[in-house]
Amino acid sequence: MAQDFEPILKGKYPGKAHARRVVQILREKGAAADGVIYLEARHTQMQEDNDGPVPFRQRRFFYYLTGCNLADCYFVYDIQADKSTLFIPPIDPEDVIWSGLPTTIDDALKLYDVDHVQPNTALPATLAALAAANPKSTVYAIDGQVSAHVSLDAFAARDLAAVKPAMERARVVKDAYEVALIRRANYVSGLGHVAAMQRVKSATTEQELEASFLERCYSYNSKEMSYHPIFASGRAAATLHYIDNTCALEGKQNVLVDAGAEYNNYCADITRTFPISGKFTKESQAIYDIVLKMKNETSARLKGGVNYDDLHILAHTIAIDGLLELGILKGNREDILAARTSAAFFPHGLGHHLGMDCHDTCGGQNRQDPDKLFPNLRLRGIVPTNSVVTIEPGVYFCDFIIKPYLKDPVHSKFINEEVLNKYWDVGGVRIEDDILVTETGHENLTNLPTTAAEIEAIVASA
């Protein structure tokens, strides 16, 4: 059955519309009305002591205006004429013998939303002609991303500071094509998560689960991951960015899987926690239900114009209520929140922008915030309509974090260590979805079950 993203993705990536959006932002900031935007793709780099190239990752700003995933390309957008030109590597007959025929000029015109395509050998003459045609024009480029062999001196002015923040701001608001790319990345990643859950009862190590996830992603043409996948079993689930993924599963309660595939550079970022035995223990389900409530109640309040800081505080309030009910915390909710004791159990932020980067642009994180609940929050302030964000609350039992709180008189009076000791083997629970923010509400792009009963049913379905 065709997925709802497929009809949209049959069209071209809207690079031209993105260029116009960037120009609008530049003009709002007082930039000149004419000039050109100049960008370079990632260039081919060879590995040290090896005749193979470094794995290629396209520059996101270049892709945003071109939709082109080729190396060694250049791009010029004539602002006044509203014309874009992509420069691609010319055909090297000797290389064709080894690597096959590359993308041709005719191919590129069909594939990409640009007005002209030329070989990259034509770049110097094109830049000179544009500068001569507009003697007072400005060239906008990104500092550190202009090759030594490329001269921009013919232009009256060169601005290496304005265009990057303009593109960062433009990237926050997603159009329908971008949402379709994220939706497809979520669809494929969801298949991978289900495969890992179904593998867990027969697997013996974390890497077997990771292999099941990657197999699904590769099968659906998503070879690149949004980030290093996390397959953390047992107490390792309390390590937020766990990278080992090789440990044995035997004798442990749960696996926390935080993994997402890319599709054409757009990311999914999904987390699920599931029981190795097929059934959550009493303690694990209690924590799972708290985290699910955190996710559901913060998601329900998400819409354009909401202050994300407030959602983050709400998540902490729900966590405190749940931990009080279990007896892990004791005392008054307001006092516990004021002391920021809940940061011992929920140390990271509720979520972040998502797009071409997992932690996408313009989140406004403030690492220096003196309020202990906020330095790790990657999305601050008002959430724009048509942005895509994650909601990813968690509750963790990390002795490295919690034990200093037990020794601190400000916090220790709120923690019942005797009850806490029953929960160390839970490790940690995190549940994460990717959400499109609309003017009146939101749409969850992650079509993957979340309740404890649904998760157990997937594990059992193996």
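This is a predicted model: local features need pLDDT of at least 70, side-chain atom pairs count only at pLDDT 80 or more; totals for chains, interfaces and linings use all residues.

Entry one, the parts. I looked up the domain assignment of the chain, and it gives domain 1 as 5-172 and domain 2 as 176-461. Then I checked the contact between them: domain 1 puts in 19 residues, and domain 2 puts in 23 residues. The C-alpha centres of domain 1 and domain 2 are 37 Å apart.

Entry two, the area. I know that interface size is often given as the accessible area lost when the parts come together. For domain 1 and domain 2, I found a buried area of about 1,800 Å². Carbon and sulfur atoms give 60% of that.

How many salt bridges cross the interface of domain 1 and domain 2? I got 4 by the rule. I also looked up the pair Asp-360 and Arg-171, which form a salt bridge with their closest N and O atoms 2.8 Å apart. For polar contact across the interface of domain 1 and domain 2, the rule gave me 10 residue pairs.

Entry four, the domain 1 side. Which helix gives the most residues to the side of domain 1 that touches domain 2? It's α7, with 4 residues. I noted that α1 (6-9), α2 (15-28), α3 (60-66) and α7 (163-172) each supply at least two residues there. Sorted by class, this side of domain 1 has 8 nonpolar, 4 polar and 7 charged residues.

Key: Residues are numbered from 1 along each chain as its sequence is written. Side-chain values use heavy atoms; hydrogens and water are left out. Domain bounds come from an automatic or database domain assignment. Contact means heavy atoms within 4.5 Å. Buried area is the accessible area (1.4 Å probe) that two parts lose on being put together, summed over both. A salt bridge is a side-chain nitrogen of Lys or Arg within 4 Å of a carboxyl oxygen of Asp or Glu. A polar contact is a pair of N or O atoms within 3.5 Å; within protein, one must be able to donate a hydrogen and the other to accept it, and residues adjacent in sequence count only if both atoms are side-chain atoms. Ala, Val, Leu, Ile, Met, Phe, Trp, Tyr, Cys and Pro count as nonpolar, Asp, Glu, Lys and Arg as charged, and the others, Gly among them, as polar.
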